[in-house]
Amino acid sequence: MISYETFFSEWELFLLILMRIASFVYVAPFFNTANTPRKVKIGFAFFVSVIAMELYPDVTYEYTGVIGYAGLVMKEAIVGLLLGAICNFTMQIIHFAGRFIDMDIGLSMASVMDPTNNTQNGIVGSIYYYMVLLIMISSGLHKYLISAIVETFRHIPVGQMTVNMSLYSTVIDFMSQFLAIGFRISLPIFASMLLLNAVLAIMSKVAPHMNMFVVGMQLKIIGGLCVLLLIIHMLPAVSNYLYDLMKEMLYRVVQGMV
């Protein structure tokens, strides 16, 4: 049962907890959608902060004056933003792979407005992103993110965030995996289009009177869409891999701030 006397007597601690959770909700996938009202996000962060405060009531922190408390606020905001950003960047691998696919099949100029992020994204990237996100949500992604940010108060108490060298190595390793995984997702399309380009090059030598530029654009779109339909069954495996990667990166980032 929530003790309101403890809550109002320790409002400074509550504000620090709220800052970490609100920063996480602001950038984490599924929670950061632009079509979600800000009042809903603030209310959700407030509710989770109350629960986190009741789970970890015995927290000790020290500060001197307003500047010291502002430093604690900045630390908590950095923790929430880093954890939310690493989750968001993991999901952005899908958009990165989608740009590769759009360029290969000739749909790079056809971008659509994503109302949830207020950004212009490719057609294939947007379709892949929402399908993978739906698979992850059905697997309990939102529940895991909530439990993960609350669990960070056990490993990184309020006001005790530090930056270790392992955090830098984690970020560099993640960026290398970002490029590699994105290319691996788009590899079937890349290989198919490479084979198609080789066939078109041979045809241009055999029948030079044919306009291979016009024929090639149509064949790339048709062939790319057919390959996409054939590899659509790989999306659950992709979502599971990204889910595991997100968990691993969250663990390593938390270890880098302990």
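**Labels and cut-offs**

Mentor: Start with helix α5, where Val 124, Gly 125, Ser 126, Tyr 128, Tyr 129, Val 132, Leu 133 and Met 136 are buried. This is a predicted model, so local features need pLDDT of at least 70, side-chain atom pairs count only at pLDDT 80 or more, and totals for chains, interfaces and linings use all residues. Residues are numbered from 1 along each chain as its sequence is written, and side-chain values use heavy atoms, without hydrogens and water.

Trainee: Why is His 95 called buried?

Mentor: Buried means under 20% relative accessible area, exposed over 50%, and partly exposed in between (1.4 Å probe, protein chains only). His 95 has 3%, so His 95 is buried. His 95 sits in helix α4 (residues 65-105).

Trainee: And why is Phe 183 called partly exposed?

Mentor: Its relative accessibility is 32%, so Phe 183 counts as partly exposed. Phe 183 belongs to helix α7 (residues 165-206).

Trainee: What does His 95 contact, leaving aside neighbours within four places in sequence?

Mentor: Contact means heavy atoms within 4.5 Å. On those terms, His 95 touches Asn 121, Gly 125, Ser 126 and Tyr 129.

Trainee: How do you know that the span of α5 is close to the expected one?

Mentor: The expected span is 1.5 Å times one less than the number of residues. Helix α5 (residues 123-138) has 16 residues, and 22 Å is expected. From first C-alpha to last, α5 reaches 23 Å, which is close.

Trainee: What comes just after α5?

Mentor: Gly 140, with a positive phi of about 95°.

Key: Helices (H or I, at least four residues) and strands (E, at least two) are DSSP runs, numbered from the N terminus.
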